[in-house]
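Keep it open and find each part as you go.

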Amino acid sequence: MSRLGKITRRTLLVGAVAVAGGAAFGVYQVRKPVTNPLRPEQGASLNPYVIIDQQGISIIAPRAEMGQGVHTTLAALVAEELDADWENLRVLHGPPAAAYFNAALAHGALPVPEYNMKDWQRRVTEGLGAASKLLGLQVTGGSTSTVDGFTRMRMAGASAREALKAVAAERMGVDAGDLRTELGHVIAPDGTKIDYRDLASEAATRDVPQVALRNPDDWTLLGRSLPRSDMRAKVTGQAQFSTDIVLEGMKFATVRNCPYLGGGMAGFDPAPALALAGVEQVLDLGDGVAVIGSNTWAAMQGAEAVEIDWTPSPLPATPDAMFDQIARAFDARPNSTMRDQGAPDEVAAEIEVEYRVPFLAHSTMEPMGATAVLQDGHLTLWVGNQAPREHAKVAAEAAGIEVENVTLHTVFLGGGFGRRVETDVTRQAATLAAMLPETPIRLTWSREEDMRHDFYRPAAIARMRGAVTEGRAVLFDAKIAAPSVTRAAIGRIIGREMGGPDKGHVEGAFDQPYEIPNYRVAGHLAELDVPIGFWRAVGSSFNGYFHECFIDELAHAAGRDPLQFRLDHVGAESPVAGGVLESVRDLSGWGAPVPEEVGRGVAMTWSFGTPTAVVIDLERENGGIRIARAFMACDPGLVLDPAIVRAQMESGLIYGLSAALMGEITFTDGRADQGNFPEYDALRMFNTPRIEVAIVQDNPHMGGVGEPGTPPAMPALANALFALTGQRVRSLPLLPHADFLV
């Protein structure tokens, strides 16, 4: 981390965003090259993504590595053009800097289905990406990292390569066009080699050249599965997470926040905690306490011992009362009707049903934590996070200093799923550092604090009407009510509430490629002040369940095979989506006879640019039900690393199956009833199905892979349960409704 410094003025003009967005945001500001934030203590930085010193080449990955493998793919984009030696590369998290804006965050901005976007609409979204550049939005999320970096990071590698060649050409007295590059060397026609390390300092003084990118046919790294750049450090224990930092004189902290959401603290008695060995201080945080100890265990024991008088929560007292409040949103006009085809009110419904899903926690394997020290008015912070600039800003506010006096190190994240966009732990760590200046503080939340103070995936209700005629769906009419994640999370980040129709609220439902003549999806925003935030796949995580379970009900009402029923409605609307259904059909052997003790379910959801279809096989075993096999097919377009795509799909599936089977956060008197894995479990090795993944590449546009595996997993499981038992369960989780082997 110490290899990164502050500001030099070498700049880099990157990407088509600058041109496309020029008209809307001002040509000069948008076309203005990004400033290189790197000033390495040793060696030279050729642009915001490349440092070369005598140890070799370091590539700066501007997105957080939380287990999804993005550092490997982002580094490969640079290395491919740079002709770097993959085996000897180092990959570092980028510092907070406007240069690392994420333009792809705007790709879903228009209120139209992604699968059906016209070319001019895609150009508009590229232009909107310029807003991310002007705002410097450095965010890891929305399955956007690879899409965003695809051109920009290759350009960084190519321009660095040509700068190195230009210096070598002058030294050798040959034309740069006669030189080639390989494994970190510039090579002359006579075989003379010059190591990049001997050229970098001079190359860094040159203007950054604009060059053409290589033809994919010439790629040697991209398009194949590479060794993960983060794996060696993780398997050898060298990888650093927020709570791995060790500093001289360090103290260890934990917190007890008010468990009654929206409540507070009337008073507390620290004496029982201070009587424990290793407990040194109990600090007042206003709505809770922080306990400082000589080690984390002592601090956590002390936090449990503090006697605290909490004030009550204003939230409804029971889970049923919370759902009643969500249901009241149906009484008001919808916030959006993003799909409204035909005349749904004029078609008599044959099926009218209601679905429900609960609140969910992120449950990252690494609990929340951060390390901070305030020395001489400068705050240094180590925190795994998904938005470094926002975290730095919040830390500065908490410490009462200017953001220029904050150095934030992004370290590895032990899972994120949207939770680490939030800045609450960073704020607390900075606050504690300011209360105890000159003392390094390592803050670690307990699992219970984490689970009871999450920014949850909201509970939601869907009311569905549908009808079929002659084997086809003729009516799909959905009303969806839930608190708005977009308004809550974006409001926290920008400080004011978002207005207008909320696309994220109905994504996964209004934007699915089905050809149904009377098709309507309306979104109703519920007023319920539970803290909610971005959870893996966001709105698609629950709307995918609503949509695909109801499609299954329509198929059953039509007396049709559920997979062929989907194909008949999807194929003409989107051949790409039809392709993944055909692929998962072939992969799973769908249509072949299955034993009586096996039930099969299918679902398909288009989310984050990638259609993904899942088939789940449930099997009766010793009187219980086992999730035996899972088959997936996805089409993210151009695939840069097949092994990482496959791993992300498997990960998304397991996350979705875990939530569908046993995920549920309930509240009593505003306090989360679940506090640890015994009450909020996930699939383990023994009950995870055997998974097969087919990757299709017919999609003409690159999609994400981090989230699309999650939405179809939930309805595929529920549909398989119906196939096996004849029981249509319309609320999650499924575990209370059947005897699953867990």
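Predicted model: local features only at pLDDT ≥ 70, side-chain atom pairs only at ≥ 80, totals over all residues.

1. Residues are numbered from 1 along each chain as its sequence is written, and side-chain values use heavy atoms, leaving out hydrogens and water.

2. Look for an open sheet of four strands, ordered β24-β25-β26-β29, with mixed pairing. Strands here are DSSP runs of E, at least two residues, and helices are runs of H or I, at least four, numbered from the N terminus; two strands pair if DSSP finds at least two bridges between them. β24 (598–607) and β29 (690–695) stand at the edges with a single partner strand each, so one side of each has no neighbour in the sheet. From one strand to the next, the twist averages 15°.

3. Now zoom in on β26 (residues 624–634): six bridges join it to β29, and the two run parallel. Cys634 has Ile695 of β29 as its bridge partner.

4. How do α20 (residues 642–662) and α21 (residues 713–725) pack? Their angle is about 50°, with axes 8 Å apart (axes are lines fitted to C-alpha atoms, for helices over the stretch in contact, and angles run from 0 to 180 degrees between N-to-C directions). That makes α20 oblique to α21; angles under 35 degrees count as roughly parallel, over 145 as roughly antiparallel, 65 to 115 as roughly perpendicular and the rest as oblique.
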